[in-house]
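Visitor: Can you walk me through this one? Keep it short, please.

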Amino acid sequence: MYKARSLIKLSHSFIVGSSHYLLSNDYGRILRCPFLSRTYSKPKSPIQIHIQSKPHLESTTRQSIFSSNKMIMTLGHQGKVKEARQLFDEMPQRDVVSYASMITVYLKHKDLPKAERLFYSMPERNVVSDSAMVHAYAKVGRLDEARRIFERMPDRNVYAWTSLISGYFQNRRVDEARKLLQEMPEKNVVTWTAAMVGYAQNGLINEAQRIFDQIPEKNVIVWTAMIRAYVEDNQVDQALELFYKMPERNLYSWNVMIQGCLNDKRVDKALELFNSMPWKNAVSWTTIVTGLARNGLLEMAREYFDQMPNRDPAAWNAMITAYVNEGLVAKADELFDSMPNKDTVSWNVMIDGYAKSGHEGEALKCFISMLRSGLRPNQTTLTSVVTSCGGILELLQAHVLVLLLGFDQDTTLNNALVTMYSRCGDINSSLITFENLKVKDVVSWTAIILAYANHGLGNQALQAFAQMLRFGNKPDEITFVGLLSACSHAGLVKKGQKFFESMRHAYGLKPRAEHYCCLVDTLGRGKLVDEAMRVVQQMPPEECDGAVLGALLGACKLHGDVGVANQICDEIVEREPGNSGAYVLMANAYAASGRWGDFAQVRKKMKERNVKKVPGMSEIEVNGKNHIFFVGDKSHPEKREIYMLLKENLLPLMQEMI
């Protein structure tokens, strides 16, 4: 009887009608009281099972409501939301628990709008439904609505207080969280932990430590949360000190500390901890494998991977990803082929690995194999596929698949489509895809600005930028690359200078090498070579790379300033001895000035230094197949027919046009 009374004292009890409800602070506890008719295990939601205090007064109707409420929760846990709602709608009578149960089911499955409508249709509310909605609103950042419900609650439980405090911390409203924490009459370990984590996430690690010191009885969760806070703040020494003081450690504690050491490049300490663990799980093994690989110890990572007693898909994916990130796609493919059970992540890693390493054809073949395996691709898969498409026909097929699978409004995926349509030369499809997007982010606007810029449509790019600002999107560094590039291609010198200056002064962005490169190119095209030279001389030395100097060299070549061009060429060659572009530009500058002796000298230098000019190439798509031709290429199987067509048909037409 003493245990029962203690438990009731720790819980928040409230009365609705003739029914007695209990809301426990410890959601994993079992409510067991001698005077209750039955014993129930608390589910993971804040809603408690309805417990009746007087079994002898229980009516058939009440039993029916109780059974239905229990079934709604069961269906919710099984993911059968529609069935739960149907049962709720068919109930002849409902009580507050019926509403609270259905609201909890909606919230569990992240359907806040339906939970919201049901909540405001309740004939009467209770602390359970109120606290559930406070938690839901706080979780999605709708803190003003959460606070309104909280203020109207006649009896506030710890769950509601903690939810609102956590919401304030997560949205960086630290002062409000601190004030609410001070006003809270009773705090439990969950509240203290939430406050401690909240301070740490907002960079207030000292306040987090102060809260940690105030907690009267620290369990392993509290200790681990503080250790994790130090790890995430890159204070690994403090985390280790606390770790060694822990009276009790669980698997999560060990894994967090090992991860912290690996992130701080303390591989020896991480291995020492890993080997000292009393027991290990799949997360421990995957953490050490991934961490070793990220620290460049790929062979050691593979050794630990091979030692794993039970490899789950996460471990396989971690090792495959490590190979892909190091550019070892062949080894990744070998490991991928030996993987017993491939999941969507495994296929995505391989497809993306092929795409990023320049093996677009293999990426598409891998995708087809994935489809044949019966796995459904997700947005990540399709984004990699879209970026692997080498021609318009492939891209159209990928786009159709996007539509068929219902991802037509996925912003990230459609951003990739906008970019790839532009690269394939279809600016109209880029624009249509962009306009059909309901939610446009900064990447969407940047993609269409870059598309316009790459097609020489400078004015349209600037109009898109103006629209972007009107819709409240803040540009980033890549947006300005598109804008400056558009100004360069369209000859908008003053606009380009204005945008370059606004980066720093209006948006607080630091210009990088690519921005200087675009500005120098813009000035060069506008015959302002001296001004372009001043920009290069005044820019930060660390940003002055071969591309910037190449843009300046191009400007000098364009306007016949051979003397300056020669100086720049020498500087580029000194920085990048294998840069064939500098030699070619210099040679062309001499040729344009009729200085054939100097032209020959540049060619001689290239030969002596074994610098080879990257051959020009062209690509054409015929019947869904891409054909690539280099200058003077005679490797194509149909070369005889191609050259005959050029000689007999195209050359006469070209001569007529001249």
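Guide: First, a definition: helices (H or I, at least four residues) and strands (E, at least two) are DSSP runs, numbered from the N terminus. By that count, the chain has 36 helices and six strands.

Visitor: Where does the model come from?
Guide: This is a predicted model: local features need pLDDT of at least 70, side-chain atom pairs count only at pLDDT 80 or more, and totals for chains, interfaces and linings use all residues. Residues are numbered from 1 along each chain as its sequence is written, and side-chain values use heavy atoms, leaving out hydrogens and water.

Visitor: What share of the residues counts as buried?
Guide: Of the 658 residues in the chain, 45% count as buried. Buried means under 20% relative accessible area, exposed over 50%, and partly exposed in between (1.4 Å probe, protein chains only).

Visitor: And how many residues does the largest nonpolar core have?
Guide: The largest nonpolar core has 126 residues. Such a core is a set of buried Ala, Val, Leu, Ile, Met, Phe, Trp, Tyr and Cys residues joined through side-chain atoms within 4.5 Å. Among those with the most contacts inside it are Met 226, Met 257 and Ile 288.

Visitor: Which helix gives the most to this core?
Guide: Helix H12 (residues 220-232), with nine residues.

Visitor: Back to Ile 288. What does Ile 288 touch?
Guide: Leaving aside residues up to four places away in sequence, Ile 288 touches Ile 258, Leu 262, Ala 270, Leu 271, Phe 274 and Tyr 304. Contact means heavy atoms within 4.5 Å.

Visitor: New topic. At what angle do H16 and H17 pack?
Guide: Helix H16 (residues 282-294) and helix H17 (residues 298-307) pack at about 165 degrees, with their axes 7 Å apart. That makes H16 roughly antiparallel to H17, a label for angles over 145 degrees. Axes are lines fitted to C-alpha atoms, for helices over the stretch in contact, and angles run from 0 to 180 degrees between N-to-C directions.

Visitor: Which residues of H16 make the contact?
Guide: Trp 285, Ile 288, Val 289, Leu 292 and Ala 293 of H16. On the H17 side, the residues include Tyr 304 and Phe 305.

Visitor: Last one. Where does Arg 172 lie?
Guide: Arg 172 lies in the loop between helix H8 (158-170) and helix H9 (174-183). Its phi is near 60 degrees, a positive value in a residue other than glycine. Most residues other than glycine have a negative phi. At 60% relative accessibility, Arg 172 counts as exposed.

Notes:
Angles under 35 degrees count as roughly parallel, over 145 as roughly antiparallel, 65 to 115 as roughly perpendicular and the rest as oblique.
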